[in-house]
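Please look over the model shown here.

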Amino acid sequence: MYRWLAKIGFWITAPLVVLIALTIVAAHVWNLSLNITTCMPVGLYQREPAPKRLRDGDFVYFCPPVNRPAMQQAISGMWLLYAGPHGGEFHCADGLMPFMKEVVATPGQTVQITKQGVIANGKRLPNSKVVTSIEDGKLKVIHVPYGTYTVPKGDFWDYAPGNFAYTSAYYGPVPIKNILGSIRPVLVIPGSQYWARH
């Protein structure tokens with residue numbers, strides 16, 4: 001009986017191992033990244049070169065500005081994903097995984113942070129209300145103060161529609177030089193950016 005179970009285990013495990021290996025090879029060959037956060041829909045994205053001219057609506061991946069107080073709070077609170085010290089081009093300062101976000105404002109454009117949400121160039125961004133506290137109000141979350149801002153030269157403002165997405169509304173505009181490339185969804189789960197509830 002044990003031999004029979006071992007044979008079944010082999011025929012289940014072997015194809016699974018092969019599938020995982022093929023997925024890793026395909027990801028490397030076709031420059032695919034797996035997004036498991038709920039900032040953007042969960043799934044596979046293809047990494048492409050950085051846009052030559054950054055525009056509103058571009059989807060990019062970049063290294064966040066770790067020297068900001070909001071980022072230091074996120075890092076110390078372990079709210080972010082890490083690639084570890086051997087992540088190669090897919091990790092940023094402190095071993096962070098690059099962020100995947102949408103560009104919603106470029107240099108000279110305006111952004112408003114309100115209690116109802118973020119307004120970029122006069123357009124209210126869906127699901128963009130900042131979280132001001134967590135842990136039943138015991139911990140205040142650092143965010144950009146309510147007000148109107150002009151994106152400085154050399155920077156951009158990012159956004160993601162997912163529940164509790166960590167965006168420029170918290171850490172402010174990001175240097176364009178931090179962009180590693182652009183992204184394009186390949187195989188994603190629609191609506192999965194709204195899975196996070198707490």
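Helices (H or I, at least four residues) and strands (E, at least two) are DSSP runs, numbered from the N terminus. This is a predicted model, in which local features need pLDDT of at least 70 and side-chain atom pairs count only at pLDDT 80 or more, while totals for chains, interfaces and linings use all residues. Residues are numbered from 1 along each chain as its sequence is written, and side-chain values use heavy atoms, with hydrogens and water left out.

**Overall make-up**

- The chain holds three helices and 13 strands.
- Buried residues make up 41% of the 198 in the chain. Buried means under 20% relative accessible area, exposed over 50%, and partly exposed in between (1.4 Å probe, protein chains only).
- Accessible areas come from the Shrake-Rupley method with a 1.4 Å probe; for residues, only the protein chains shown count as cover.
- Among contacts in the chain with a separation of 6 or more, 66% come from residues 24 or more positions apart. Contact means heavy atoms within 4.5 Å.

**The seven-stranded sheet**

- Seven strands make an open sheet, in the order S1-S2-S13-S3-S4-S11-S12, with antiparallel pairing. Its edge strands are S1 and S12 (174–175), each of which pairs on one side only.
- Two strands pair if DSSP finds at least two bridges between them.
- S2 and S13 run antiparallel and are joined by six bridges. Arg47 has Ile183 in S13 as its bridge partner.
- S3 also pairs with S13 in the antiparallel sense, over three bridges. Here Phe62 has Ile179 in S13 as its bridge partner.
- S11 (residues 155–159) pairs with S12 over two bridges, in the antiparallel sense. Asp155 has Pro175 in S12 as its bridge partner.

**The four-stranded sheet**

- Four strands form an open sheet with antiparallel pairing, in the order S7-S6-S5-S10. S7 (123–124) and S10 (147–150) are the edge strands, and each pairs on one side only.
- S5 (residues 110–114) and S10 run antiparallel, with four bridges between them. Opposite Gln112 stands Thr148 in S10.

**Helix H2**

- Ala70, Met71, Gln73, Ala74 and Ile75 are the buried residues of H2.
- These buried residues pack against S4, S9 (139–140) and helix H3 (168–171).

**The disulfide**

- A disulfide is a pair of cysteine sulfur atoms within 2.5 Å. The count by this rule is one.
- Cys63 and Cys92 form the disulfide, with an S to S distance of 2.1 Å.
- Cys63 sits in the loop between S3 (59–62) and H2 (69–76), and Cys92 in the loop between H2 and S4 (99–105), so the pair ties together parts that are 29 residues apart in sequence.
- The disulfide of Cys63 and Cys92 is left-handed, because the torsion about its S-S bond is about -80°.
- Both Cys63 and Cys92 are buried.
- Cys39 counts as buried because its relative accessibility is 13%.

**The salt bridge**

- A salt bridge is a side-chain nitrogen of Lys or Arg within 4 Å of a carboxyl oxygen of Asp or Glu. A search of the whole structure turns up one.
- Glu48 and Arg184 form the salt bridge, with their closest N and O atoms 3.1 Å apart.
- The pair links distant parts of the chain: Glu48 is in S2 (residues 43–48) and Arg184 is in S13 (residues 179–188), 136 residues apart.
- Glu48 has a relative accessible area of 28%, so Glu48 is partly exposed. Arg184 is at 38% relative accessibility and therefore also counts as partly exposed.

**A nonpolar surface patch**

- Leu34, Ile36 and Leu81 make a nonpolar surface patch of about 300 Å². Patches are made of residues with over 30% relative accessible area and no salt bridge; like charges are joined within 9 Å, and nonpolar side chains (Val, Leu, Ile, Met, Phe, Trp, Tyr) within 5 Å.
- Ile36 lies in the loop between S1 (32–35) and S2. Its relative accessible area is 56%, so Ile36 is exposed.
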